[in-house]
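Let's walk through this model together, starting at a loop and ending at the helices. Keep the viewer open and follow along.

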Amino acid sequence: MTAWVLSWGALFGFIMILLVSMTLISGEMTVNDELVQGRGDALVSMLPLIIFFPIIVVFLALFFWAMLVDGLWLYRLKRPIRVSAE
């Protein structure tokens with residue numbers, strides 16, 4: 001789960017930094033097929049992106065972690081997992 005959050009967080013973090021820097025440089029952005037001009041207005045229109053991407057990454061990590069644990073549990077029902085210290 002930690003690797004998922006860190007890897008996807010780094011990817012989305014890079015994309016968000018790129019988008020914010022492009023918005024700060026140009027002062028405009030297209031949001032929902034509408035041109036938003038002005039640095040402040042463009043950054044405010046990006047606020048849902050900045051807020052929800054980290055939340056989505058964490059929820060997806062928890063979801064896939066739960067699927068992995070459930071898969072291991074189902075596998076263990078048919079074939080026990082044996083750990084041997086050699």
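Asn32 has a relative accessible area of 75%, so Asn32 counts as exposed (buried is under 20%, exposed over 50% and partly exposed in between, with a 1.4 Å probe and protein chains only). Before going further, a word on the ground rules: this is a predicted model, where local features need pLDDT of at least 70, side-chain atom pairs count only at pLDDT 80 or more, and totals for chains, interfaces and linings use all residues. Residues are numbered from 1 along each chain as its sequence is written, and side-chain values use heavy atoms, with hydrogens and water left out.

Back to Asn32, which sits in the loop between strand S1 (28–31) and strand S2 (34–37). Strands here are DSSP runs of E with at least two residues, helices are runs of H or I with at least four, and both are numbered from the N terminus. Look at the backbone: phi of Asn32 is near 55 degrees, a positive value in a residue other than glycine. Asp33 belongs to the loop between S1 and S2 as well, and its phi, near 60 degrees, is again positive in a residue other than glycine. For background, most residues other than glycine have a negative phi. Asp33 is also exposed, at 80% relative accessible area.

Now step into strand S1, where you'll find Glu28. Which residues does Glu28 touch, leaving aside those up to four places away in sequence? They are Thr23, Leu35, Val36 and Gln37, with contact taken as heavy atoms within 4.5 Å. Glu28 and Asp41 are 13 residues apart along the chain, and their C-alpha atoms are separated by 8.4 Å. As for solvent, Glu28 is partly exposed, with a relative accessible area of 38%.

On to the helices. How do H1 and H3 pack? Their axes are 10 Å apart and meet at an angle of about 165 degrees; the axes are lines fitted to C-alpha atoms, for helices over the stretch in contact, and angles run from 0 to 180 degrees between N-to-C directions. H1 and H3 are therefore roughly antiparallel to each other (angles under 35 degrees count as roughly parallel, over 145 as roughly antiparallel, 65 to 115 as roughly perpendicular and the rest as oblique). H1 passes H3 in a right-handed crossing, a label used if the near helix is turned clockwise from the far one by less than a right angle, with anticlockwise giving left-handed.

Who makes that contact? From H1 come Trp4, Val5, Trp8, Gly9, Phe12, Met16, Leu19 and Val20, and from H3 come Leu49, Ile50, Phe53, Val57, Leu60, Ala61 and Phe64. By class, the contact of H1 with H3 has 14 nonpolar residues, one polar and no charged. In that scheme Ala, Val, Leu, Ile, Met, Phe, Trp, Tyr, Cys and Pro count as nonpolar, Asp, Glu, Lys and Arg as charged, and the others, Gly among them, as polar.

Take Leu60 of helix H3. Leu60 is partly exposed at 36% relative accessibility, and its C-alpha is 12 Å from that of Ala3, 57 residues away in sequence.

Next, the aromatics. A search of the whole structure finds three aromatic pairs. The rings of Phe12 and Phe53 have centres 4.7 Å apart and planes at 25 degrees, so the pair is stacked (rings of Phe, Tyr and Trp, using its six-membered ring, pair if their centres lie within 6.5 Å; planes under 30 degrees apart are stacked, over 60 edge-to-face and the rest tilted). This pair links distant parts of the chain, 41 residues apart: Phe12 lies in helix H1 (residues 2–26) and Phe53 in helix H3 (residues 47–78). Phe12 is partly exposed at 23%, and Phe53 is partly exposed at 23%.

Phe63 is partly exposed at 46% relative accessibility, and Phe64 is partly exposed at 34%.
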